[in-house]
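Please walk me through this structure. I would like to follow the aromatic rings and the strands.

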Amino acid sequence: REAQNDFHILEDREGGECVWHSVEVAAGGDPLSRRFGHSMDLVGESRAGPEGGAFDLVCYGGYDGRKGIHGDVSLIKVEVGRRCTVAVERLSPGGPEPRYSHASFVKDGLLFVIGGVTRDWGDAFAAFCFDLRDRLWREVPFIEGAYNLRSHVWARQQALLLPGGTTVALVGGGILVFAHGSTTNPLVLTLSLSPI
């Protein structure tokens, strides 16, 4: 299998009809490098564009399907109209150890990255945040409580920022190790966010 770098948008029309649109790279722009297992999060709100809607996404990490693991951050500006286009702006060539199959979310201009699979094929017990304005990385410490966080598998889970913005739910996740079998998580783990 080969990793891809194409974009598609699913439009939810009135009446419940859904239509797929192919998305082109804006003239003079560079495409995102091929990858899977990356994260893609909405930054801010959607807005009116010249011919329709527009919104920004932030992409982090991923695996190229061979030996390359990405650790870059890119801002993807999407314009939706008669033609759908994207413009890719690289914000950071790297930060923490490159990873894929991580969880992520955006809050107050910060991209949070939790766990993931790193080069040694282990799940990473770590969290980081990237300031989308200052373009700086920093580590986010875990404060352990009653639950043993190191028993949790920190890969292939989804992060959901809950209403109120101070709690993150990590849903699912697990890792497949062919020599030792697979390990999966309890259905939901919640983490409380402290001010950074």
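Which residues form one aromatic cluster with Phe36? Tyr63 and Tyr100 do: together with Phe36 they make up one aromatic cluster. Keep in mind that this is a predicted model.

Now take the aromatic pairs. The structure holds five of them. One is Phe105 with Phe112. Their ring centres lie 4.8 Å apart and their planes meet at 5°. Planes under 30 degrees apart count as stacked, so this pair is stacked. Both partners are shielded. Phe105 has a relative accessible area of 5%, and Phe112 has 7%. The cut-off for buried is under 20%, so Phe105 is buried and Phe112 is buried too.

Another pair joins Phe130 and Trp137. Here the centres are 5.0 Å apart, with 50° between the planes. Phe130 and Trp137 are both buried. A pair of aromatic rings is described by the distance of the centres and the angle of the planes.

Next, the strand that spans residues 103-107. This is β7, and four of its five residues are buried. Its partner is β8, residues 110-114. The two run antiparallel and are joined by five bridges. Within this pairing, Ser104 has Val113 of β8 as its bridge partner. β7 and β8 form a hairpin with two residues between the strands. In that hairpin, Asp108 takes a positive phi near 50°.

Which strands form it, and in what order? The order is β11-β12-β15, three strands with antiparallel pairing. β11 (158-161) and β15 (188-192) stand at the edges. Each has a single partner strand, so one side of each is left without a neighbour in the sheet. From one strand to the next, the twist averages 25°.

How many bridges pair β12 with β15? There are five, in the antiparallel sense, and β12 covers residues 167-171.

Note on methods:
Residues are numbered from 1 along each chain as its sequence is written. This is a predicted model: local features need pLDDT of at least 70, side-chain atom pairs count only at pLDDT 80 or more; totals for chains, interfaces and linings use all residues. Side-chain values use heavy atoms; hydrogens and water are left out. Rings of Phe, Tyr and Trp (its six-membered ring) pair if their centres lie within 6.5 Å; planes under 30 degrees apart count as stacked, over 60 as edge-to-face and the rest as tilted. Buried means under 20% relative accessible area, exposed over 50%, partly exposed in between (1.4 Å probe, protein chains only). Two strands pair if DSSP finds at least two bridges between them. Axes are lines fitted to C-alpha atoms, for helices over the stretch in contact, and angles run from 0 to 180 degrees between N-to-C directions.
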